[in-house]
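This report concerns aromatic contacts, charges placed over rings, and backbone angles. Please consult the sequence and the model shown below.

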Amino acid sequence: MSASRSSGTTDALGPEEGPEGRPDGTPDGTPDGVPGAGPGAVPGSELLAALLDGMDAALCAFDADGTVTHWNREAERILGWSAEEAVGRPGFAGWAVRRADADEVQGRLMAVMDGPGRQVHEFALLRKDGGRVLVRTQSAGVRGADGKPAGVYCAFSEVHAQIDLERAIALSEALFEDASWGVVLVDVDLRPTVVNAHAARALGGGRTTLLGRPLGELIVQGVEDLEGALQHVLAAGAPPAPAELWVTLRTAEGNRRRCWRCGFLRLASPLAEEPVPLGVGWLFQDITDTKLAAQDADRVRFRSNQLHRASRSAAECEDPMEAATTSLDYALAGFADHALVDLVAGERLVRAAATPSDAPGPCLPVAGGGIPLRYVPGHPALQAVDRTGSVRATAGAERAAGEWAAERQWPDDSVHALCAVLRSRGRTLGVVTFLRSANRAAFERPDAVYAESVADRVAASVDLYRSLGAGPGGTGPSGG
């Protein structure tokens with residue numbers, strides 16, 4: 001990487017050398033004076049030349065008079081001047097710097113010889129082909145054995161390369177401090193090694209307490225999918241698009257279900273000849289609220305479409321009860337497993353229509369109806385009638401679902417119930433009950449709103465049915 005004026009190798013080790021090129025005056029061929037060196041050790045000048053040639057930064061050095069004494073291969077790559085052409089020249093004037101700028105550049109470089117520390121400058125240097133290149137230099141003085149200034153060494157690199165490096169460092173620092181998304185570095189054992197502040201909050205821990213812990217300690221459900229993605233990245237590289245993962249986190253407040261949009265990058269060592277995986281860079285954003293909002297919008301759109309289709313189909317039915325059961329058939333899609341229609345008959349409720357209790361099927365009128373239901377006090381259907389509103393109920397975890405459903409005269413697989421009152425023209429006509437099995441979630445308030453919309457349509461059909469005197473409590477066409 002460097003060359004001398006005579007032999008093409010470094011023969012000037014600095015101002016502390018002896019007259020024969022070594023600090024103690026011994027010839028260059030003797031073993032190096034490094035502690036532990038013996039016969040066969042690399043001579044000092046060759047070792048220094050190898051070290052300089054291996055540097056990633058361009059390096060040159062000047063003696064106290066400003067003459068170039070060292071010039072490595074990176075300096076040759078940037079400027080095009082070889083070591084043989086550079087070493088021995090009196091400064092940069094006329095070859096590496098325009099003559100008009102030479103005095104200023106040389107003065108700023110050599111000024112550091114009389115001061116402490118390093119100085120950073122930016123210069124426009126000349127390439128051998130006549131082009132100009134902007135470089136950033138770091139220069140420092142060299143002192144001899146007597147402590148007096150003996151020269152200057154200068155390391156330099158192209159400004160754009162330096163700026164790229166600074167940007168990369170700044171980006172890394174920003175990602176691990178102020179990023180608005182989670183950033184986690186995972187080693188090849190799939191354990192976090194670096195966690196930024198956002199990721200620490202999302203995972204429910206501190207930036208240091210999460211390090212080295214298995215992901216299974218932090219994620220209750222979904223860890224298999226995440227670890228599978230990380231292993232795929234280590235083996236095959238980053239996926240072409242972000243992935244969405246649903247996970248359940250263990251937190252001090254209990255388990256939380258979250259949706260993360262994740263991106264992955266395989267990290268490899270830049271110092272190895274062959275790509276050596278260092279781990280995976282995992283970036284993620286919490287999109288739970290957005291995902292839930294999208295799901296809610298899809299659900300509302302689907303249910304609105306079902307109500308529209310139910311209205312169109314019910315309008316074609318000659319029998320009002322058939323119109324009522326048709327509306328329920330459309331409502332059950334994606335909403336519940338069973339539907340029951342109980343109509344008011346005096347002080348009791350009578351089953352008028354129901355879906356099959358043992359298998360999926362359409363809602364049909366009950367044959368031989370008219371026998372009052374033996375609902376116990378406090379039954380959800382009776383509560384809905386008393387409150388003139390919707391009632392939700394769920395089997396407790398401490399009781400068997402079949403026992404809970406049997407007590408309420410519902411199908412055995414029922415675990416969640418929603419009772420919506422049937423009202424028309426200011427009168428309570430009955431109750432429609434929607435039932436879900438254990439593989440569905442409990443009914444929530446949006447579900448009750450939808451059930452009430454369905455109940456309004458069913459109630460209109462039931463009211464017409466009763467007005468024709470065809471059902472429990474009916475008065476007939478000429479009735480009161």
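Over the ring of which residue does the charged end of R89 sit?

## Basis of the report

The model is predicted: local features need pLDDT of at least 70, side-chain atom pairs count only at pLDDT 80 or more, and totals for chains, interfaces and linings use all residues. Residues are numbered from 1 along each chain as its sequence is written, and side-chain values use heavy atoms, with hydrogens and water left out.

## Charges over rings

The charged end of R89 sits over the ring of W95, 4.8 Å from the ring centre. A charge sits over a ring if NZ of Lys or CZ of Arg is within 6 Å of the ring centre and within 35 degrees of the ring normal. R436 likewise lies over the face of F443, at 4.0 Å from the ring centre.

## Aromatic pairs

The structure holds 13 aromatic pairs. Rings of Phe, Tyr and Trp (its six-membered ring) pair if their centres lie within 6.5 Å; planes under 30 degrees apart count as stacked, over 60 as edge-to-face and the rest as tilted.

One of the pairs, W71 with F156, is tilted, at 6.4 Å centre to centre and 50° between the planes. W71 belongs to strand 2 (residues 68-71) and F156 to strand 5 (residues 149-158), so the pair ties together parts that are 85 residues apart in sequence. Strands (E, at least two residues) and helices (H or I, at least four) are DSSP runs, numbered from the N terminus. Both W71 and F156 are buried, meaning under 20% relative accessible area, with exposed over 50% and partly exposed in between (1.4 Å probe, protein chains only). One aromatic cluster is formed by F62, W71, W81, F92, W95 and F156.

## Positive phi

R425, in the loop between strand 16 and strand 17 (427-436), has a positive phi of about 50° although it is not a glycine. R425 is exposed, with a relative accessible area of 61%.
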